[in-house]
Amino acid sequence: MAFDPSRTNARFGSPQYFSTISSEGVYWFLSGALYGGVWGIVTPFHHPGTSGAIAEMKTGKFKPAPPFSSLQSMGANATFFGSIVAIQRMSSKSMELARRSEDEFNDLFGFLCTLKYYQSFLSSTRRYIVHNRVIGAGFTFTLAYALLS
């Protein structure tokens, strides 16, 4: 798809720039959350703290969870997938607007940002809890910005 300068404004401080990045982030977060929610329903892994996870930890043997048995993992998987997809698309879109070009280098930049994000925020349980709070606050502020502008 060719870059269309009529739909964007490359000035970084402009309201159109922030609304483009915000809408891109919200759209892809919701798309990723949908994929993560579906994965959470059919995932073969038990949600931490459930009886299946405790039994698996005691025996040391992996026993897949039947589909639709771990509805508790839906929310965790939705925030995980949603944030990963949103970070990739927001960083890629930011690079696209800065360079005024749509190409694979933007996606490569998005991948590298996502990799660093994953290594930084999703490497421990404590950081993952902080991550979920930050994502929730960011999502709320983005919706508020979209509704008020």
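Modeller: Start with T114, which touches I84, I87 and Q88, leaving out residues up to four places away in sequence. Touching, or contact, means heavy atoms within 4.5 Å. This is a predicted model, where local features need pLDDT of at least 70, side-chain atom pairs count only at pLDDT 80 or more, and totals for chains, interfaces and linings use all residues. Residues are numbered from 1 along each chain as its sequence is written, and side-chain values use heavy atoms, without hydrogens and water.

Colleague: Why is T114 called buried?

Modeller: Buried means under 20% relative accessible area, exposed over 50%, partly exposed in between (1.4 Å probe, protein chains only). T114 has 10%, so it is buried.

Colleague: What makes R100 partly exposed?

Modeller: Its relative accessibility is 43%, so R100 counts as partly exposed. R100 sits in the loop between α3 and α4. Its phi is near 55°, a positive value in a residue other than glycine. Most residues other than glycine have a negative phi.

Colleague: Why are α3 and α4 called oblique?

Modeller: The axes of helix α3 (residues 73–99) and helix α4 (residues 104–121) cross at roughly 140° and come within 8 Å. Angles under 35 degrees count as roughly parallel, over 145 as roughly antiparallel, 65 to 115 as roughly perpendicular and the rest as oblique. α3 and α4 are therefore oblique to each other.

Colleague: Which residues of α3 and α4 meet?

Modeller: Among them, F80, S83 and I84 in α3, and F105, N106 and T114 in α4.

Methods: Axes fitted to C-alpha atoms, helices over the stretch in contact; angles between N-to-C directions. Helix = DSSP H or I, 4+ residues; strand = E, 2+ residues; numbered from the N terminus.
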